[in-house]
Amino acid sequence: MKTTALAVVAVLALAACGNDKAPVASDQKSDKSPLAEYMGDGFVSSSGGGGFKIAMRAGGAQQPTEEDLAKQRKVEDATVTCMKAAGFEYVAVPPEQNAKSKFADAFNLPPDKFAEQYGYGISTIDWSKAGEDDSNPNTKIRAALSPAAQKAYDKALNGPNANGNGAVVIQGGKDGPSSSGEMDLGCRGKAVKQVYGDDSNRNVDFKKFDSLFKDIQALQKRIESDQRVVDATTAWTDCLADAGHSGFKKVDDPRQQIQQKLDTLTGNKPPAKNGPAKVSGPPSFDKVDATKLAELRKSEIDLAVADQKCKAKGYEDAYKKVQYEAEKEFVDQHKSELEAYRDEMANR
């Protein structure tokens, strides 16, 4: 599989799902589902009511080859040269030494242990700081600069459209973002383009898989409406009510409730349904009322623990049984399309 050095995650929500500001701890540790064999490791059919999603990170889940690492080193070296020309110090970081996210280990915990420590990982983890790495010399170089110099540093490294977290902010109307000329991605983006070539040569044309995605979305609805899943959801609702958490009808409702409470606390407002699109990094907790945040974190953990226990009593097994049966039938009926998608992704 061809890879890039871009640390970009693209998520395709193939069914109506909740706010995806924070990753979701896996509801179950298991082998790949029938569809995941074709859609990749990032394919998720959430038994939490989140619908089908495909998450793709450059390079996928495979270990990088020596060729991949060599290219990433060239990207780092090119970034050093570019930043020096812009008047800033930048140290090339060997890809082998890249530290994983400080919360990576958390998402390898069993679901019950994760719930006990982090709830859903919504208010309990400040995702605006999740990517910080104190061992990276460039983190220290940037921290030593004045606030104004930090902004200039960020602009030089990531381009004028990047916010303080390094995320690119794109604004546009309902027909998508618009821009005049080529977007300036800064030294990092220029280095990637220099080493890997034009991004357009590696992009996947997802439009030709629209029919497949729509069929998968319809499959999700069939799974959710299966009487076995409906009965299991009712039992889950009753279990939560008995645990002191009443009023939840859909299995993603508890997570949505916590997210809405956090949005209220941070003042974060999701974009209007048909309004301008805005993509940015997660809100920081630095200016949030500490007492209220602590209360929210406690309620999140309490709810998540009860939620996990109630799902484990029968919902997860019922959902997985229906999911695997439905997916196996789907694979048999759409094998050629799925193979085409798998081959396309393998060559991106």
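## Basis of the description

Axes are lines fitted to C-alpha atoms, for helices over the stretch in contact, and angles between N-to-C directions run from 0 to 180 degrees. Helices (H or I, at least four residues) are DSSP runs, numbered from the N terminus.

The model is predicted: local features need pLDDT of at least 70, side-chain atom pairs count only at pLDDT 80 or more, and totals for chains, interfaces and linings use all residues. Residues are numbered from 1 along each chain as its sequence is written, and side-chain values use heavy atoms, with hydrogens and water left out.

## Helix 8 against helix 10

Helix 8 (residues 227-242) and helix 10 (residues 290-333) have axes that come within 9 Å and cross at roughly 175°. Helix 8 is therefore roughly antiparallel to helix 10 (an angle over 145 degrees).

In this contact (heavy atoms within 4.5 Å), helix 8 contributes residues including Arg228, Trp236 and Leu240, while helix 10 contributes, among them, Asp307, Tyr315 and Glu325. The contact residues divide into 11 nonpolar, 1 polar and 6 charged. Here Ala, Val, Leu, Ile, Met, Phe, Trp, Tyr, Cys and Pro count as nonpolar, Asp, Glu, Lys and Arg as charged, and the others, Gly among them, as polar.

## Aromatic pairs

There are 5 aromatic pairs in the structure (ring centres of Phe, Tyr or Trp, the latter by its six-membered ring, within 6.5 Å). One of them joins Phe209 and Tyr341 edge-to-face, at 5.2 Å centre to centre and 85° between the planes; edge-to-face denotes planes over 60 degrees apart.

Phe209 lies in the loop between helix 6 (186-196) and helix 7 (210-225), and Tyr341 in helix 11 (residues 335-346), 132 residues apart. Phe209 is buried, at 6% relative accessible area, and Tyr341 is buried at 0% (buried means under 20%, with a 1.4 Å probe and protein chains only). Ring pairs also link Phe209, Phe213 and Tyr341 into a cluster.

Definitions and conventions: Helices (H or I, at least four residues) and strands (E, at least two) are DSSP runs, numbered from the N terminus. Angles under 35 degrees count as roughly parallel, over 145 as roughly antiparallel, 65 to 115 as roughly perpendicular and the rest as oblique. Rings of Phe, Tyr and Trp (its six-membered ring) pair if their centres lie within 6.5 Å; planes under 30 degrees apart count as stacked, over 60 as edge-to-face and the rest as tilted. Buried means under 20% relative accessible area, exposed over 50%, partly exposed in between (1.4 Å probe, protein chains only).
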